[in-house]
Amino acid sequence: MSEPDATDGPPPFEDAFSSDDVEQRIYGTILQTREPTTASAIADSADCDPKTARKYLGWFDDLGIVTRHDGHPATYERNDAYFEWRRINQLAADHSVEDLQDRVRELTTRITEYEETYDAASPAAVDAVAAAEGSDERTIDDVYSDLGDWATARQDRDRYERARQQRTGGEREQASG
């Protein structure tokens, strides 16, 4: 029996982008960046020259992928709104209006069940400790799990509804054109 090839499987996390070209390494670094970061720090993470990083960061800024913050030195951060827009566009492209409507209905039902269970309009309005202490069925971990699922369902419903509206708007334009 032979040893598995060392190149099988994903690369180690610390070198996740080492085999990619420099553009992909910079893009990957931006995806992991959570706060404004200098081009030099991004270049260090992407293992490239700072001048090259600035070139690609300027291009990513033009595309809306990053936000550039002027200063000395300038810093860059991931533009979460861009990625949200991409996700909604992808949902609209991948699903029919009917599928999107069904998913919105499903999520609305789940949200309504949580609202009734916790007698609250949103997960933020629930005191998790009090809810767990006042229940014979739910532990504090169950409550926190419910609150996380509830918050995710609300975010997903918003995305699916925006994708549905995008699809129905596009279909109306095609019908009238």
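Okay, some ground rules. Because this is a predicted model, local features need pLDDT of at least 70 and side-chain atom pairs count only at pLDDT 80 or more, while totals for chains, interfaces and linings use all residues. Residues are numbered from 1 along each chain as its sequence is written, and side-chain values use heavy atoms, with hydrogens and water left out.

So, the overview. The protein chain has seven helices and three strands. Those are DSSP runs, numbered from the N terminus: H or I with at least four residues for helices, E with at least two for strands. Along the sequence, the pattern goes α-β-α-α-β-β-α-α-α-α. Of the 177 residues, 33% count as buried; buried means under 20% relative accessible area, exposed over 50%, and partly exposed in between, using a 1.4 Å probe and protein chains only.

Now to α3, residues 50-63. This helix has 14 residues and reaches 20 Å from its first C-alpha to its last, close to the 20 Å expected at 1.5 Å a residue. That expected span is 1.5 Å times one less than the number of residues.

Which residues of α3 are buried? They are A53, Y56, L57 and F60. They sit on the same side of α3, because they cover an arc of only 105 degrees around the axis; the arc is taken from the directions from the helix axis to the C-beta atoms. Turn to the face pointing away from that buried side and you find the exposed residues K51, K55 and D62.

And what covers the buried residues? The cover includes α1 (22-32), α2 (39-46), β2 (66-69) and β3 (75-78). Contact here means heavy atoms within 4.5 Å.

Have a look at the two ends as well. At the start of α3, a side-chain oxygen of D49 comes to within 3.0 Å of the backbone nitrogen of K51. Just after α3, G64 takes a positive phi of about 90 degrees.

Last stop, the sheet. Strands of a sheet pair through backbone hydrogen bonds, either parallel or antiparallel. Here, three strands form an open sheet in the order β1-β3-β2, and the pairing is antiparallel. β1 (37-38) and β2 stand at the edges with a single partner strand each, so one side of each has no neighbour in the sheet. Two strands pair if DSSP finds at least two bridges between them, and β1 and β3 pair over two bridges. If you want a spot to look at, T38 stands opposite T75 in β3.

Methods. A polar contact is a pair of N or O atoms within 3.5 Å; within protein, one must be able to donate a hydrogen and the other to accept it, and residues adjacent in sequence count only if both atoms are side-chain atoms.
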